[in-house]
Amino acid sequence: MFNRLSMAALAVALSATSSLAATEVTWWHAMGGELGKKLEEIATKFNESQSDYKVVPVYKGSYPETLTAAIAAFRANQQPAIVQVFEVGTGTMMAAEGAVYPVYKLMADEGEAFDTASFLSPVVGYYSDTSGNILSLPFNSSTPIMYYNKDVFEKAGLDPEVAPKTWAEVEEFSKKIVSSGAAKCGFTSAWITWVQTENLSALHDKPFGTLENGFGGMGSEFEFNGDLQVKHWANLKKWQDEGLFKYGGPVGGDQAATMFYAQECAITMNSSAGRAGVINNAKDFTPGFAPLPYYEDEIEQPKNSIIGGATLWVLNGKDKATYTGVAKFFSYLSQPEVQADWHQFTGYLPITNAAYDLGKSQGYYTENPGSDIAIEQITRGTPSANSKGLRFGNFTQVRTIVDEEFQSLMAGNKDAKQALDSAVERGNTLLREFEAAN
Amino acid sequence: METKKTTFDNRLLPYLLLAPQLFITLVFFIWPAAQAVKSSFEREDPFGLSTAFVGLLHYQRLLSDPEYLAALSRTGVFAVSVTVLSMVLGLAFAAAVDRLTRTGKVYTTLLVWPYAVAPVVAGILWWFLFNSTTGLMPFVLEKFGIDWDHDLNGTQAMILIIVAAAWKQISYNFLFFLAGLQSVPQSLMEAAAIDGSGPVKRFFTISLPLISPTTFFLFIINVNYTMFDTFPIIDATTVGGPAQATTTLVYKVYQDGYIGLNLGSSSAQSVLLMMIVMVLTYVQFRFVERRVQY
């Protein structure tokens, strides 16, 4: 006990002396568990690579908790230099012009090389302003993909190497899986909002909201109650009634992963960052990876999917030395080696083209089949106004509304059209509220 | 009993003695409450960069918002159910334990245990038990032909949070009721027994009226508990869903303010909630207390 205490004291003393010389850069993040450890490792490596700056990562809980904590700290003038904000908070951060130090400006002020073109274009598109400037540094970006259980496919008499490409095939395969008794349900999905509504719209080149999905200004209105979305939600309800689809719960849909791991559902759709979890939990079966399905009668070549995950925002109100440190750290983070390591460990996308190329030359994608599906899906074709991304204020609450309306649909209280109409109407009220407040 | 009147020679001393308590109340209660009242009249972006006075706008919106009104009546259902359930069961257990002579202490200890469980842990326990994929209860209920899925069925979700919230509170009520029952004079009970009334009759005609101050006290405490302290239970089990079926007033304050960052509306909601509880407590003291015999 005494030993451990004295070691701790020693560690504190050592870190205190080393931080006397170095400028501290606080970094609030929302990465728990394995991801958090990896993130800390990155910070430690940066700190060891030079002696002028010390990045101090602090875990602040979930994404919404981190954002709220940062906002509260900003109001009390205690803000961190860097905060990790999830993609649905982007609208909120962009509107807070006086609070944010845009990354492109920071890098220019500090004379650090920062080439927008070196980043994957869908990632840049999601996080830049209307003039193409990147406001926050992309750090962990993911996109949803399909995971399936090869063993169950085989039991159901399906080819385990062939994943369903279209929704018609998802239905057909699910029927075979359920009727053969290979699994209790055909498919489930995490993130109903993100995967089955937002990405569905992008994939089929349908607008989610007016004014280029909100990129064109705060006057945007939702319009995700179009024919395609209504058709898809109605199908999900039909498939639920037929026992082909099982609802995985609101927000991230935690039950979806549980049902997939327990081999109750043969297919699930989830973030590409769920890959590590699938590999760790699929002890008794072989998982397969595939792009998200689409409706072939709606679009011949599906568009790129859109991203989720988070970026790093720099907050105003710190001294010059701190910002120099932030810029140096961001340059470090953008290095292909650092990026590729993070991407391969977590399943998040490689943010830069260089990191992707490095992975290729390392032979990572041939050794790990399926690991490049997310990248291929997000980079296919040219992004359109509908597949570039989403930018809406109050979007965290809007997602809650979409979840609630989906639950009403699943419970049979509303049909697909009613549920989506109501979600759009309630969402628009929040958009007007946001417009008025900013 | 005669009460002694203490006088202070020093005029300042009583205020000095009161100061720490006043300071704490001021800093931790009055000040935040005043802040909430202030921001309930304002519209502000989350970062506090621009603030505009909007008067009663938030209140007007809330009182004409069907979702808020639904949350209000939902909170009523929740508060009444939890209070009745936990008080009736607490009293039943207390009456049962009161009749035990030797094992009473053991049962008391066991029955008080749930109170030591933090609300959020209690929530997670019940969430595990009733989890529709991995839980034990849905498996058992299926045998009785009940398809349990509180992720989609709003009524079941409500039942779940009522059970979880009441379970925790039973211990508390039990302890107070037991103390109350034990202070009922034994001579009265014996006299009634000699007159030929059975244990049930004795309970309803003697014990229950005599413990009415305890019942009244617990009633107020329980209503306050369901209004404010049940937040962790809801957050750990249903997160206010499905489709807002378990979004009570206090949970809505959290959702709109903390998740939605709509500080103005959220403040207005806390002010309203505060007023509701104040009115309720006033009504209880004014009307219910008259019927309580001390």
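Modeller: An unreviewed UniProt entry gives chain B the feature "transmembrane region" at residues 12-34, 76-97, 109-129, 157-181, 202-221 and 271-288. UniProt positions follow the numbering used here, with feature names shortened, and such annotations may be inferred rather than shown by experiment. The model is predicted, so local features need pLDDT of at least 70 and side-chain atom pairs count only at pLDDT 80 or more, while totals for chains, interfaces and linings use all residues. Residues are numbered from 1 along each chain as its sequence is written, and chains are lettered from A and ligands numbered from 1 in the order in which they are written.

Two of those annotated spans can be described further. Residues 157-181 of chain B are 100% helix and 0% strand, with end C-alpha atoms 35 Å apart. Residues 109-129 of chain B are 90% helix and 0% strand, and their end C-alpha atoms lie 23 Å apart. Helices (H or I, at least four residues) and strands (E, at least two) are DSSP runs numbered from the N terminus. The UniProt annotation "domain: ABC transmembrane type-1", also from an unreviewed entry, covers residues 72-284 of chain B. That stretch of chain B is 79% helix and 0% strand, and its end C-alpha atoms are 19 Å apart.

Of its 294 residues, 33% are buried; a residue is buried if 20 or more other C-beta atoms lie within 10 Å of its own, exposed if 12 or fewer, and partly exposed in between, with C-beta atoms placed from the backbone. Counting contacts in chain B between residues at least 6 apart in sequence, 69% join residues at least 24 apart. Two residues are in contact if their C-beta atoms, placed from the backbone, lie within 7 Å.

Next, the partner. In the interface, 23 residues of chain B are in contact with 28 residues of chain A. On the chain A side, two or more residues each come from α3 (63-75), α4 (90-95), α12 (254-261), α19 (395-410) and α20 (416-437). The largest share, six residues, belongs to α19(A). By class, this side of chain A has 13 nonpolar, twelve polar and three charged residues. Here Ala, Val, Leu, Ile, Met, Phe, Trp, Tyr, Cys and Pro count as nonpolar, Asp, Glu, Lys and Arg as charged, and the others, Gly among them, as polar.

Chain A itself is divided into domain 1 (23-142 + 307-367) and domain 2 (144-305 + 393-437), with bounds from an automatic or database domain assignment. Their C-alpha centres lie 28 Å apart, and 15 residues of domain 1 are in contact with 14 residues of domain 2 of chain A. On the domain 1 side, α4(A) and β11(A) (308-315) give two or more residues each, and α4(A) has the largest share, with three.

Last, the cores. A nonpolar core is a set of buried Ala, Val, Leu, Ile, Met, Phe, Trp, Tyr and Cys residues joined through C-beta atoms within 7 Å. The largest has 129 residues, and Ala266(A) and Leu315(A) have the most contacts inside it. The element giving the most to this core is α20(A), with nine residues. Both domain 1 and domain 2 of chain A supply at least three residues to this core. A second, separate core of 39 residues includes Trp126(B), Phe130(B), Leu160(B) and Ile162(B).
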